[in-house]
Amino acid sequence: MPSRAYVNWTSTRSLILSAIEEVLAIEREGVNPDSRVHALMQASVVLLASHFQGFCRDLHTECVDALVSAAALPDEMEPIVRTEFTWGRQLDRGNAQSSSLGSDFGRLGVEIWNRLRELDQDRADLNRSRLDRMNAWRNAIAHQNFDTLDHDSLDAQVVTRWRASCEQLALDLDRVLRTHLKILGGGDEPWEA
């Protein structure tokens with residue numbers, strides 16, 4: 001059973017992100033290849049990065065809830081423990097890049113990139129690289145400073161690959177964290193139906 005965060009990723013967030021495909025189709029077909037299309041492509045990068053960050057933050061919160069529930073703490077302690085797991089969470093203020101995912105999910109006792117590499121090393125390494133590249137572009141766009149990009153170019157194929165990597169990472173993160181929480185919870189399903 002997938003997490004609520006993953007269900008939301010594949011439904012609500014996916015519908016919003018599908019608008020990216022429409023913009024990219026315009027660029028691929030060479031229809032109206034002017035600055036408006038380039039601006040829309042840049043906006044699609046920011047939109048994709050923000051929705052992936054939202055998914056990761058939602059998933060982290062859901063994991064914290066599952067851990068707190070599995071610990072069977074007194075009611076008075078639950079908010080204290082939740083606050084400790086989310087205090088200073090990088091996903092609340094920064095991009096969902098490889099380092100922030102490693103740090104935030106690491107607080108839950110899982111070395112997320114090692115676990116993702118156990119699923120498929122090449123896929124995890126590729127997706128990690130693409131995630132960090134997407135966030136570098138997101139930051140360059142948001143801050144209008146392209147000097148740090150080493151003359152990389154942004155085109156429809158690149159953005160499409162970034163979305164595919166986010167889709168795969170979302171699925172893999174959900175799987176890895178479900179397994180991790182099941183182990184910690186003594187085999188109980190971590191996500192509520």
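# A chat about helices, loops and a core

Visitor: Where is Ala72 found?
Guide: Ala72 sits in the loop between H2 and helix H3 (78-86). Helices here are DSSP runs of H or I with at least four residues, and strands are E runs of at least two, numbered from the N terminus.

Visitor: What should I know about the model?
Guide: The model is predicted: local features need pLDDT of at least 70, side-chain atom pairs count only at pLDDT 80 or more, and totals for chains, interfaces and linings use all residues. Residues are numbered from 1 along each chain as its sequence is written, and side-chain values use heavy atoms, with hydrogens and water left out.

Visitor: Back to Ala72. What is its phi?
Guide: About 50°, a positive value although Ala72 is not a glycine.

Visitor: And is Ala72 buried or exposed?
Guide: Ala72 counts as exposed because its relative accessibility is 64%. Exposed means over 50% relative accessible area, buried under 20%, and partly exposed in between, with a 1.4 Å probe and protein chains only.

Visitor: What about Gln144, where is that?
Guide: Gln144 is in the loop between H6 and H7. Its phi is positive too, near 50°, and Gln144 is a residue other than glycine. Gln144 counts as exposed because its relative accessibility is 53%.

Visitor: How many residues does H6 have?
Guide: H6 has 23 residues and spans 33 Å from its first C-alpha to its last, close to the 33 Å expected at 1.5 Å a residue. The expected span is 1.5 Å times one less than the number of residues.

Visitor: Which residues of H6 are buried?
Guide: They are Ala124, Asn127, Leu131, Met134, Asn135, Trp137, Ala140 and Ile141.

Visitor: What happens at the start of H6?
Guide: A side-chain oxygen of Asp120 comes to within 3.2 Å of the backbone nitrogen of Asp122.

Visitor: New topic. Which residues touch the most other members of the largest nonpolar core?
Guide: Phe52, Phe55, Leu59, Leu101, Phe105, Ile112 and Trp162, out of 46 residues in that core. The elements giving two or more residues to this core are helix H1 (4-29), helix H2 (35-71), helix H4 (98-106), helix H5 (112-119), helix H6 (121-143) and helix H7 (156-184). H2 gives the largest share, 13 residues. A nonpolar core is a set of buried Ala, Val, Leu, Ile, Met, Phe, Trp, Tyr and Cys residues joined through side-chain atoms within 4.5 Å.

Visitor: What is Leu101 in contact with?
Guide: Leaving aside neighbours within four places in sequence, Leu101 is in contact with Phe52, Cys56, Leu91, Ala96, Gly106, Ile112, Trp113 and Leu131. Contact means heavy atoms within 4.5 Å.

Visitor: Where does Ser100 lie?
Guide: In helix H4. Ser100 counts as buried because its relative accessibility is 1%. With neighbours within four places in sequence left aside, Ser100 is in contact with Gln90, Leu91 and Asn95.

Visitor: And Leu40, which helix is that in?
Guide: Leu40 lies in helix H2. At 45% relative accessibility, Leu40 counts as partly exposed.

Visitor: How many Å separate the C-alpha atoms of Leu40 and Ala170?
Guide: The separation is 24 Å, for residues 130 apart along the chain.

Visitor: Last one, H7. How many residues does H7 have?
Guide: H7 has 29 residues and reaches 42 Å from first C-alpha to last, close to the 42 Å expected at 1.5 Å a residue. After H7 comes Gly186, whose phi is positive, near 75°.

Methods:
A polar contact is a pair of N or O atoms within 3.5 Å; within protein, one must be able to donate a hydrogen and the other to accept it, and residues adjacent in sequence count only if both atoms are side-chain atoms.
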